[in-house]
Amino acid sequence: MNTPIISIRGVSRHFGAFTALDNIDLDVKQGEFFSLLGPSGCGKTTLLRMIGGFMEPSSGKIMIDQKPMDGLAPNQRPTNMVFQNYAIFPHLNVADNVGYGLRKLRLDKAQFTARVQEALERVGLSGLGHRGGHELSGGQRQRVALARALIMQPKVLLLDEPLSALDKKLREQMQLELRRLQRAVGITFILVTHDQYEALSMSDRVAVMFKGRIAQVAPPQDIYQRPASRDVADFLGGMNFIEAQIEAEDALELKLASPLTGPITLARRDGFAQGLGKATLGIRPERLRILGPKETAPIEITGTLYDKVYYGEVTHYSVAVRGNTQPLQVAVTNSSGGPELAAGSEVKVGLDRSALVLLAP
Amino acid sequence: MMAGAKNRSVLAAYAVAYIVFLYLPVVLLPLFSFNQSITPSFPLTGFTTDWYLALADEPEMHNALINSLKVAATTSVFATLLGACAARAFTRYKFRAKPAAEGIIMTPLFLPEILIGLSMLVVILWLGFELSLVTVVMGHVLVCLPYCVTVLISSFDGFDVTLEEASTDLGEGALGTLWRVILPIVMPGLISSLIVSFTISLDEFVLAFFLSGDEATLPVYIWGQLRFAAKLPIVMALGSLMLVASIGLLIISEIVRRRGERRLKPSGMDTP
């Protein structure tokens with residue numbers, strides 16, 4: 001259980017002078033839902049295709065189930081892929097698409113039908129076996145692609161942006177279904193996506209990638225609340241950045257000063273060799289609140305509200321504060337339906353110490 | 001509005017004249033083949049099917065027909081095989097010699113056939129080969145190849161590479177993928193290519209005339225028969241039958257091609 005199902009060591013990939021992947025080390029645990037998240041061109045799809053055997057690393061090693069995969073073609077690996085465009089065979093019906101990989105098993109017709117039927121039921125497509133591969137809606141194509149891969153009982157299922165072709169509503173529904181399916185079958189899923197909500201809502205762990213490198217690997221809550229760097233913080237949603245000064249440190253704590261917050265003490269983060277001097281603090285907009293006249297908070301910042309954007313369930317306020325070049329972004333949930341603040345008014349912004357995250361320089 | 005309507009009627013008249021001029025001779029052929037008179041001229045003298053019945057008693061013509069069918073069948077298979085390899089290479093890979101290779105394959109379209117025939121004749125005799133149906137097939141493959149490659153490229157172009165990757169991912173090797181995915185999907189293109197090259201080879205005259213030696217193909221035989229005025233109506237009957245067969249084959253090829261297109265078109269991701 002503790003040995004990783006996939007183990008990647010020092011993997012690089014060059015296309016001419018361009019480095020798509022730069023010395024990647026990564027372990028994926030047995031049975032986990034793992035996401036590779038990053039902007040387009042960050043190398044996440046290249047990494048996925050290497051795990052699947054569609055591309056060879058320029059250097060480094062990929063082990064799946066403790067076996068080296070060097071030079072093995074996709075049909076010799078214990079992985080299966082759900083392609084971004086689903087790659088449904090247009091000349092075959094749904095049942096033959098799903099049963100495509102079973103030929104080598106030489107099943108008789110009854111066994112074949114039973115296996116296909118079971119796979120179709122698992123993805124909610126029973127009764128559609130005779131539908132032509134070219135007559136399916138986007139959601140149905142995705143389910144066929146899933147069933148076709150899962151019927152092979154792979155050790156690892158690779159998913160290349162499987163939801164990006166679907167509209168928003170269907171996408172959200174499929175996120176839940178994929179998660180449920182993964183728990184039911186217990187197979188390791190590796191998902192490539194550029195959508196942070198997708199990665200956060202489905203994964204056990206997320207690897208955030210930029211420019212061919214992995215910036216951070218952590219569970220969704222950690223990635224979101226305690227991002228390692230400005231880039232990671234930015235990619236996962238809005239983040240306020242505050243310049244600060246580290247004035248003293250010991251084995252457990254750091255003492256910082258910032259014109260906005262005054263002196264604060266933060267616990268040390270593992271793996272951060274910070275040193276004294278300049279530092280950046282991050283605060284998520286939803287961890288800030290606009291204080292009423294009689295409310296107080298551990299840290300209070302006064303400023304001028306100069307802009308707001310209404311999104312329905314939430315309103316984003318921009319508050320200009322002295323001592324910070326960027327205005328603070330404050331996300332306020334519209335739970336009371338009360339009156340909105342007018343632009344130009346003086347406001348007090350409050351936050352808890354736990355909302356502050358020290359970011360790597 | 002007036003000018004528009006006038007322009008339109010001028011255009012319509014032009015189109016009608018164009019079609020009549022192009023196709024009237026073709027329509028006259030079957031018309032005279034049912035005419036009693038030996039000379040193809042108006043007024044028609046009466047309806048007869050004698051010329052068609054006389055076709056049965058022309059053993060030399062039967063030989064020529066069989067020769068032509070052999071040549072056309074062999075040509076279409078070879079031209080389609082070679083064309084498929086070329087089309088696959090052109091649509092799937094990028095390589096330095098690609099523009100040059102495409103140009104060389106397309107060249108026979110622009111070269112006068114009489115030049116091709118003459119130069120092939122010289123080279124074949126120089127190499128010491130005998131003229132036979134084999135040399136005709138060689139010539140026909142050359143002139144059919146541009147058509148086959150054009151038809152096949154349009155059918156290979158829409159082929160989604162990830163389908164091959166999916167097949168490999170699901171356990172198939174190269175041969176299994178070829179057999180189970182590539183062939184069924186490009187089949188309409190292959191059939192079109194077979195039919196187009198078969199039709200071209202069947203009625204090709206110039207190359208066959210230069211390269212066939214004493215094994216005449218049907219067009220070469222027909223040309224030889226034109227010296228005998230009495231045979232003209234029989235030749236016209238034969239020509240009419242070939243016309244019908246050619247049109248029939250082209251219609252089948254077009255139906256197959258369109259059906260294939262329709263089947264593969266909605267493979268995009270646009271439908272919700």
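Me: How do you know at what angle the axes of helix 3 and helix 8 of chain B cross, and within what distance they come?

Reply: The axes come within 8 Å and cross at roughly 140°. Axes are lines fitted to C-alpha atoms, for helices over the stretch in contact, and angles run from 0 to 180 degrees between N-to-C directions. Helix 3 of chain B covers residues 59-92. Helices (H or I, at least four residues) and strands (E, at least two) are DSSP runs, numbered from the N terminus. This is a predicted model: local features need pLDDT of at least 70, side-chain atom pairs count only at pLDDT 80 or more, and totals for chains, interfaces and linings use all residues. Residues are numbered from 1 along each chain as its sequence is written, and chains are lettered from A and ligands numbered from 1 in the order in which they are written.

Me: Why are helix 3 and helix 8 of chain B called oblique to each other?

Reply: Under 35 degrees counts as roughly parallel, over 145 as roughly antiparallel, 65 to 115 as roughly perpendicular, and the rest as oblique. The crossing is at roughly 140°. Helix 3 and helix 8 of chain B are therefore oblique.

Me: Which residues of helix 8 of chain B make the contact with helix 3 of chain B?

Reply: Leu190(B), Ser193(B), Leu194(B), Ser197(B), Phe198(B), Ser201(B) and Leu202(B). Helix 3 of chain B contributes residues including Ala72(B), Ala79(B) and Gly83(B). Contact needs C-beta atoms, placed from the backbone, within 7 Å.

Me: What makes up this contact by class?

Reply: Nine nonpolar, eight polar and no charged residues. Ala, Val, Leu, Ile, Met, Phe, Trp, Tyr, Cys and Pro count as nonpolar, Asp, Glu, Lys and Arg as charged, and the others, Gly among them, as polar.

Me: How many residues does each chain bring to the contact between chain A and chain B?

Reply: Chain B brings 21 and chain A 23. Helix 7 of chain B gives the largest share of the chain B side, six residues. That side divides into 10 nonpolar, six polar and five charged residues.

Key: Contact = placed C-beta atoms within 7 Å.
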